[in-house]
Amino acid sequence: MTEAKPQVNPRALPSEMILLLLLLAAAVLLNAFFLANWLATLEGGGFLNLVPKLQMLLAPGLVAYFVITRVRTRGSVPLATTGLRDASKAVTDLILEVHPPRRTDIRLGKHLGARAYVTGMPAKPVIALGPELLALHAMPGERRAVFDAVVRHELAHVHAGDLWWYQLATVLRACNVTTGLFALFILWLDLSVDKSTPAVFAVSTLRLVALVLLAELIARAFLRAREHAADLHAAQFGVEGLLAAVRSHETEQTRSVVRAWLRRHPGSDERSQALTNPVRLLASPIGQVFLGATAAGIGLVTLQDLLLSGGPGDRSTPVITAVLIGIPLTLFTAFGLWRGTWQEDRNRLRPLLTAAALFGGLVIGSHLPLYTRIFNESPIGIPITPSTLLALALGSAGLCWWLDALGTSWRHTDPTADRVPTFLKYAVPSAALVGGWLFAVLWTWSARLRGVYLACPTEEAQGVPICQSSTQQSDIALAVAKDFGFTFWSIVTVLTVAATLAIPHHLRTRTLRPAALTAVAALVVLAGLWTTGSSAPRDRARAEFRPVLDTSSPEALGIAKRERQSTNRTTQQEALAAHDCTEPDPLRGKADPALPLVTCAADASEKFVLAPTVMSTVDIADAEASRTATGYAIRIELTAEGRQRWEDLTKANVGKRIAFLVNDELLTAPEIMQPLTGKSIELPAPFTSLDQAEAVAESIRGT
């Protein structure tokens with residue numbers, strides 16, 4: 001005898017569709033905010049000017065909802081005033097049975113025929129019923145059951161507060177179109193004055209079409225999900241009448257895959273299958289994961305501008321990203337995977353397919369926003385580099401595997417999903433913590449690398465060390481590891497993952513082996529985070545040794561300031577004469593180490609023409625301040641390669657001077673009397689206190 005499979009109620013498991021709509025809301029509203037902020041910046045006025053611009057972009061959505069509501073209620077009359085007393089009483093009885101949380105206005109829609117719908121403002125819902133549908137209340141058998149089922153279905157929408165979500169979806173769709181068209185109009189103006197090209201405008205138009213299509217697909221997927229939820233709610237009072245009502249409208253067209261994605265309501269055959277086998281609703285299409293990830297990708301790249309303006313020291317922006325994008329995206333993915341866990345004959349590859357959809361959606365979505373073209377910033381989106389894509393792929397795969405493991409472990413002890421609320425009490429906070437941390441890290445990684453690609457081609461960034469590095473990707477990765485590696489939140493995240501994997505398995509099997517293996521794995525990961533963080537490059541000052549080519553007293557001033565990093569000897573002499581040591585140095589920290597440099601001593605006692613840099617920070621192992629008989633000095637400890645370079649440098653410059661600079665400030669330029677060897681150098685400098693010397697030494701060490 002075959003054992004009966006446990007029945008699972010889909011309504012016992014949380015739906016991910018509201019989170020999908022919230023991800024769309026985050027993406028659309030962030031784009032609207034940044035466009036409004038750009039418009040307000042053009043006119044000045046700050047925040048007070050920002051609010052009207054934001055209202056201008058959001059107003060069309062609200063107007064659209066009011067107009068649609070007005071059109072749908074036009075021509076309908078209150079049912080109680082029509083004289084159809086029996087029909088009115090039948091509807092009133094059903095209202096008392098379902099007991100919606102707010103008063104509902106029932107109206108007769110003379111143009112509706114056998115149809116019905118819910119409309120109106122969320123606080124004052126309206127249900128419009130067609131005359132042919134109302135006529136069924138007096139008919140016996142199946143026809144009366146159809147009437148009851150349809151009214152219960154519409155009341156279920158009111159009971160669930162769906163009008164609030166319908167209003168949000170309408171506003172988002174209209175705001176998305178308005179924002180996109182406004183951005184496209186600005187790009188068209190650039191094209192008309194030859195500031196842009198037709199190719200850029202054409203690509204931007206395609207991106208606008210993609211943004212509009214994305215919003216429509218998400219909104220319609222949400223509406224279909226709410227229809228299924230209303231069906232399940234109405235089916236509690238009997239499924240036969242609802243099935244009869246659904247099957248009476250079944251057509252071949254509803255079986256089209258394209259129409260299934262574009263419909264606002266699920267097809268009749270789809271609704272019939274869901275009513276006869278509700279468990280099939282547990283498996284969400286992988287395409288919905290892709291839509292949610294694409295919306296999140298739009299939000300991620302929009303938020304990148306905050307980090308680019310805030311700089312690497314910004315700590316609040318990753319937190320904002322985790323809250324607005326990371327946590328909703330993780331919970332959206334989690335609910336989809338957890339619902340699929342209780343599905344019969346579920347696809348074992350679903351976690352991998354979900355991770356692929358998550359990865360693809362994030363990358364593609366990050367390249368869709370239009371506003372970045374307005375600011376003339378390109379490339380936009382997640383950088384298409386091996387390190388970033390690999391990190392994003394591994395992070396998505398690991399997150400989906402862990403979320404699926406959580407649901408699978410709980411399903412073994414709760415096959416009928418009766419204790420899902422207990423599961424959610426610890427699973428949801430855990431998923432929010434892990435996902436928020438993970439996406440904050442991945443977003444910061446991609447944002448910083450994008451910032452390097454945007455800034456380094458500019459002239460102002462030529463002296464920045466990261467722009468001169470040949471390993472920018474690995475440097476950024478190690479810098480992110482330093483910021484997020486062995487920290488409080490990373491430790492809590494690793495321990496959370498380990499605990500949520502080990503504890504449920506131990507409670508089910510009563511064995512310690514899985515817990516021990518998980519503990520070992522957690523220790524290995526923590527050790528890796530500590531090692532990575534400790535080996536990350538330190539933020540060190542740029543220390544340089546340059547041979548002195550020429551000197552001059554500060555009284556020999558010219559009348560014009562010339563190029564101070566020219567390789568032409570005549571130009572160097574002119575710049576030496578023209579350079580004013582009393583003025584702020586615009587080249588401080590920005591000089592090209594590969595070119596000569598005209599600069600002043602720190603105490604303005606001399607001016608120098610310096611050769612290109614021969615030794616730099618990479619040759620210095622340590623630095624510390626010291627007190628000497630004549631003042632203060634910095635003792636430099638060299639690396640093995642640095643010692644050899646120093647010996648060669650002093651041997652080639654006996655009788656000459658070698659300048660020592662920190663961030664292009666010349667601290668000292670001692671004369672070399674003989675070749676020098678050894679692993680350390682003591683360099684006297686014009687410090688006024690030991691604390692000042694220690695501050696410079698600390699900047700060289702990077703501690």
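I started with helix α6 (residues 162-192), which lies across β3 and β4 and runs at about 75° to β3. Contact here means heavy atoms within 4.5 Å. Axes are lines fitted to C-alpha atoms, for helices over the stretch in contact, with angles from 0 to 180 degrees between N-to-C directions. Helices (H or I, at least four residues) and strands (E, at least two) are DSSP runs, numbered from the N terminus.

This is a predicted model: local features need pLDDT of at least 70, side-chain atom pairs count only at pLDDT 80 or more, and totals for chains, interfaces and linings use all residues. Residues are numbered from 1 along each chain as its sequence is written, and side-chain values use heavy atoms, leaving out hydrogens and water.

Next I looked up the sheet. It is open, with four strands in the order β1-β2-β4-β3 and mixed pairing; two strands pair if DSSP finds at least two bridges between them. β1 (76-78) and β3 (116-121) are the edge strands, each pairing on one side only. Ignoring direction, neighbouring strands are turned by 35° against each other on average. I found β2 (residues 105-109) parallel to β4 (residues 124-129) over four bridges, and Ile106 has Ile127 in β4 as its bridge partner.

Then Ser430, in helix α16 (residues 420-455). Ser430 counts as buried because its relative accessibility is 10%, and buried means under 20% relative accessible area, exposed over 50%, partly exposed in between (1.4 Å probe, protein chains only). Beyond neighbours within four places in sequence, Ser430 is in contact with Trp402, Thr496 and Thr500.

Last, Leu324 in helix α12 (residues 316-341): I noted it as partly exposed, at 38% relative accessible area.
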